[in-house]
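Work through the exercises below with the sequence and the coordinates open. Each task is followed by a stepwise solution.

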Amino acid sequence: MTTPGIGRGVLRPDLAARRFELLREEPDDDLAPYVEFHWVVRWDLRGRPAHDQRVLSHPNVHLVFERPETAVYGVNRGVYAHHLTGAGHVFGVKFRPGAFRALLDGPVAALTDRRVPAADLFGEAVTRAERVVLGAHDVAVMKRAAQDFLRGVLDGVVPDPAACEAAALVERIAGTPALLRVGRLAAESGHSVRSLQRLFAEYVGVPPKWVLRRARLHEAAARADSGAAVDWAALAADLGYADQAHLVRDFTAVVGAPPARYAAGSDAPGT
């Protein structure tokens with residue numbers, strides 16, 4: 001199924017929707033244990049200014065078929081920016097948290113904040129898939145080529161219970177706004193804090209504290225982008241910050257502007 005729309009984490013979604021099309025494709029059932037979804041970005045800015053799109057990243061590894069070369073992106077602890085100019089498309093595979101560990105010789109933390117040429121990990125097979133994906137206009141053709149490649153590299157891999165647990169814990173953080181502390185997550189999952197940290201380093205690539213913090217920032221950014229008035233002091237309390245100033249510092253350090261100024265749009269490029 002193809003689903004249009006701008007997802008959470010894409011900053012300035014109203015502006016983004018005027019610059020490019022973002023589609024989401026569900027994986028086939030056999031790949032669903034490993035792939036959260038596929039995504040396609042298509043744009044045509046010929047005769048228009050280039051666009052720099054910023055994304056407040058999630059705790060996922062992505063395989064991105066793009067020019068000049070297909071790459072694997074580890075979890076970006078800051079804001080990921082992509083420069084769009086002319087016309088084109090990219091096709092991405094968003095792996096479930098923990099799932100990419102099966103394709104590495106070491107912990108997923110080794111990829112954090114890194115962009116690695118996919119050919120370094122997968123050789124000529126990914127280059128052959130790239131030619132089809134980037135040469136296609138039909139999303140179904142892109143998806144089929146990408147999934148055939150994934151089936152090849154996952155052949156013989158069996159689901160790892162620890163990876164499944166890591167994915168479930170990340171999903172629990174995202175779906176439980178009241179879950180604010182690593183200690184509580186550890187207690188509820190039957191881990192010590194230290195063992196939980198080891199699990200996340202090995203399978204997710206970032207500590208559980210970072211995942212909790214990023215979930216709060218996603219919520220703050222979504223509120224800021226909603227267009228509705230925001231009581232920042234109340235939101236800070238709801239998100240578990242000690243006070244509004246703590247939220248402002250956290251948001252500014254990652255997004256690059258205080259939340260009220262971001263919400264007002266005063267830091268946005270021209271539309």
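**Backbone and cavity exercises**

Asp113 sits in the loop that runs between strand 8 (87-95) and strand 9 (115-117). The model is a predicted one.

**Exercise 1.** Repeat the analysis for Arg12: where does Arg12 lie, and is Arg12 buried or exposed?

Solution. Step one: Arg12 belongs to the loop between strand 1 (2-4) and helix 1 (13-17). Step two: its phi is near 55 degrees, again positive in a non-glycine residue. Step three: the relative accessible area of Arg12 is 14%. Buried means under 20%, so Arg12 is buried.

**Exercise 2.** Which two residues does a cis peptide bond join?

Solution. Step one: the bond joins Arg67 and Pro68, with omega about 10 degrees. Step two: Pro68 is placed in the loop between strand 5 (62-65) and strand 6 (71-73).

**Exercise 3.** Describe the largest cavity by volume and by the classes of its lining residues.

Solution. Step one: the structure has 1 cavity of 30 Å³ or more. Step two: the largest cavity holds about 30 Å³ of space. Step three: its lining includes Pro59, Arg96, Phe100 and Tyr203. Step four: by class, the lining has 8 nonpolar, 2 polar and 1 charged residues.

How values were computed: Residues numbered from 1 in each chain as written. Predicted model: local features only at pLDDT ≥ 70, side-chain atom pairs only at ≥ 80, totals over all residues. Heavy atoms only, no water. 1 Å grid on protein atoms, 1.4 Å probe; cavity = no way out; pocket = protein on both sides within 12 Å on 5 of 7 lines; lining within 4 Å. Points joined across faces, edges and corners; volume = space filled by probe spheres on them. Nonpolar A, V, L, I, M, F, W, Y, C, P; charged D, E, K, R; others polar. Helix = DSSP H or I, 4+ residues; strand = E, 2+ residues; numbered from the N terminus. Buried < 20%, exposed > 50% of the residue type's maximum accessible area, 1.4 Å probe, protein only.
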